[in-house]
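Please work through each task before reading its solution.

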Amino acid sequence: MKIKTGSAEFYLKANQPLCLHSAKNVKIACTEGILWITTGGNDKDIFLSPGQSFQVPNNGLTLIESINEGKCRLTNPRLIAQGIQWAKAWHIKLGQWFEFA
């Protein structure tokens, strides 16, 4: 499954990891529970508590798993920036269409 969004929150159950591919610079924030993160090319696993976050360092496979149950918020700064650019372009275009003399 491919999900393209600037930001999304996921509910995680124990032993059901969320797999991310090509997720460089995506921010993973723990909003509930304890998260266990493993990234390709990294010898150390990362553990997050609520309020903590981690930025994915590369495009290798990233696994996010919850100890028991938990929630995480993923934020993709690249897609958010693209959305802002799109909105600005439409704002300018609408201004041109509805410009009154």
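**Exercise 1.** Which residue is the bridge partner of W36 in β4?

*Solution.* The model is predicted: local features need pLDDT of at least 70, side-chain atom pairs count only at pLDDT 80 or more, and totals for chains, interfaces and linings use all residues. Residues are numbered from 1 along each chain as its sequence is written, and side-chain values use heavy atoms, with hydrogens and water left out.

Step 1. Strands (E, at least two residues) are DSSP runs, numbered from the N terminus; two of them pair if DSSP finds at least two bridges between them.
Step 2. Strand β4 covers residues 46-48 and pairs with β3 in the antiparallel sense over 3 bridges.
Step 3. The partner of W36 in β4 is F47.
Step 4. A hairpin is formed by β3 and β4, with 6 residues between them. In its turn, G41 has a positive phi of about 80 degrees.

**Exercise 2.** How many bridges join β3 to strand β5, and how many join β3 to strand β6?

*Solution.* 
Step 1. Strand β3 (residues 27-39) runs antiparallel to β5 (residues 53-55), and 3 bridges join the two. Here I28 stands opposite F54.
Step 2. Between β3 and β6 (residues 62-75), also antiparallel, there are 11 bridges. T39 stands opposite T62 in β6.

**Exercise 3.** Which residues of β6 stand opposite L12 and L20?

*Solution.* 
Step 1. Strand β1 (residues 7-12) is joined to β6 by 6 bridges in an antiparallel arrangement. Opposite L12 stands G70.
Step 2. Strand β2 (residues 18-20) pairs with β6 over 3 bridges, again antiparallel. Opposite L20 stands T62, a residue that also stands opposite T39.

How values were computed:
Helices (H or I, at least four residues) and strands (E, at least two) are DSSP runs, numbered from the N terminus.
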